[in-house]
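Subject: A structure for you to explore

Hello! Here is the structure I promised you, and below it you will find my notes on what turned up. Please keep it open beside you while you read.

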Amino acid sequence: MNRWVAFVVLCVASVACGEDAALRTADWEGRIVNGLNAVSGQFPYQVSLTSATYQHFCGGAIIGNHWILTAAHCLTGRKPAEVIAVVGALTSARGGYNYDVEQFILHPNFNEWTQQNDIALVRTKWSISFNTAVFPVKMARTYTPANRAVLASGWGLTTLSVPKPADRLQYVALRTISNEDCSERFRKLQNRAITPSILCTFSRNEQGTCMGDSGGPLVEDGELVGIVSWGIPCAVGYPDVYVRVSSFRAWIGAVTGVY
């Protein structure tokens with residue numbers, strides 16, 4: 001957890017905190033709010049990145065037999081030897097298959113303050129064995145426009161008022177919005193910009209992502225279109241913001257050989 005997260009949680013919980021303050025310090029790790037329970041095999045590409053003591057801290061998506069795509073800010077301040085990738089699980093940090101991590105590769109232009117280029121690769125020490133519950137997701141090749149039906153998935157808090165992670169993998173159906181619309185909704189934002197390499201979703205208040213599962217996948221028709229990056233906690237009328245995967249296909253392919 002980086003230095004902004006604790007302040008944002010307190011800010012959202014307190015009426016005394018103004019909207020502008022929340023916008024200045026917005027930096028969260030996405031979780032699913034008002035989602036549904038996933039079933040076995042529904043999201044075979046879903047990854048739980050955990051500490052060495054199996055405490056879930058971020059999500060990810062399998063894209064190859066050694067490779068997991070996640071958010072760069074999930075890995076700052078961590079070491080590969082201290083992280084375990086759990087795949088094929090429905091419950092947080094229980095069940096599934098565990099893989100030791102060999103390497104982190106953050107995007108070379110990742111900016112921790114602005115969250116631009118918030119994308120990273122995790123390489124596992126051993127090849128991931130695929131089956132009906134564990135399988136890579138195809139990455140989107142084209143720009144995802146507005147008003148597309150998408151699914152976000154992850155573990156964690158289902159509401160800010162109950163500080164306990166959901167035990168079961170959750171998912172929620174959302175809609176993409178245009179970058180122009182997203183930028184307008186964030187017009188008071190001071191340190192973040194909605195650039196072409198960003199993708200936004202918004203459906204309604206009290207539905208979306210929240211604290212604890214950054215790096216998790218956003219898919220459209222089975223293709224990975226986004227990686228959870230940042231937003232204003234939690235499902236309170238602001239869009240959720242993702243890294244647009246299609247914008248980074250060349251970098252991902254060059255590093256991993258996965259296209």
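The protein has 4 helices and 16 strands; here helices (H or I, at least four residues) and strands (E, at least two) are DSSP runs, numbered from the N terminus. This is a predicted model, where local features need pLDDT of at least 70 and side-chain atom pairs count only at pLDDT 80 or more, while totals for chains, interfaces and linings use all residues. Residues are numbered from 1 along each chain as its sequence is written, and side-chain values use heavy atoms, with hydrogens and water left out.

**The whole protein**

Of the 259 residues, 57% count as buried. Buried means under 20% relative accessible area, exposed means over 50%, and partly exposed is in between (1.4 Å probe, protein chains only). The accessible surface of the protein comes to about 11,000 Å², and carbon and sulfur atoms hold 51% of that surface. Such areas come from the Shrake-Rupley method with a 1.4 Å probe; for residues, only the protein chains shown count as cover. Among the contacts in the protein with a separation of 6 or more, 72% are between residues 24 or more positions apart, where contact means heavy atoms within 4.5 Å.

**The largest cavity**

The structure holds 2 cavities of 30 Å³ or more. On a 1 Å grid over the protein atoms alone, a cavity is a set of points where a 1.4 Å probe fits but cannot get out, and lining residues have an atom within 4 Å of a point. Grid points are joined across faces, edges and corners, and a volume is the space filled by probe spheres set on the points.

Which residues line the largest cavity? They are Q115, Q116, N117, D118, S197, I198, S229, W230, V241, Y242, V243 and F248. Two strands, β15 (223-231) and β16 (240-244), each supply at least two residues of this lining, and β16 gives the most, with 3 residues. By class, the lining has 6 nonpolar, 5 polar and 1 charged residues. In this scheme Ala, Val, Leu, Ile, Met, Phe, Trp, Tyr, Cys and Pro count as nonpolar, Asp, Glu, Lys and Arg as charged, and the others, Gly among them, as polar.

**Q115 in its loop**

One of the lining residues is Q115, which lies in the loop between β7 (97-106) and β8 (120-124). Is Q115 buried or exposed? Q115 counts as buried because its relative accessibility is 2%. Its phi is near 65°, a positive value in a residue other than glycine. The side chains of Q115 and H73 are joined by a polar contact of 3.2 Å. A polar contact is a pair of N or O atoms within 3.5 Å; within protein, one must be able to donate a hydrogen and the other to accept it, and residues adjacent in sequence count only if both atoms are side-chain atoms.

**The loop between β3 and β4**

Y54 has its place in the loop between β3 (46-51) and β4 (56-62), and T53 lies in that loop too. Y54 has a phi near 65°, a positive value in a residue other than glycine. With 35% relative accessibility, Y54 counts as partly exposed, whereas T53 at 59% counts as exposed. The side chain of T53 makes a polar contact of 2.9 Å with the side chain of S51. T53 and E82 are 29 residues apart in sequence, and their C-alpha atoms are 8.8 Å apart in space.

**Helix α4 and T256**

The buried residues of α4 are R249, W251, I252, G253 and T256, and what covers them includes β5 (67-70), β7, β8 and β9 (138-139). T256 lies in this helix, which spans residues 249-256, and has a relative accessible area of 15%, so T256 is buried. Not counting residues up to four places away in sequence, T256 touches W67 and L121. Its side chain reaches the backbone oxygen of I252 at 2.7 Å and the backbone nitrogen of V258 at 2.9 Å. T256 and I68 are 188 residues apart in sequence and 10.0 Å apart in space, C-alpha to C-alpha. After α4 comes G257, whose phi is positive, near 80°.

Happy exploring!

Definitions and conventions:
1 Å grid on protein atoms, 1.4 Å probe; cavity = no way out; pocket = protein on both sides within 12 Å on 5 of 7 lines; lining within 4 Å.
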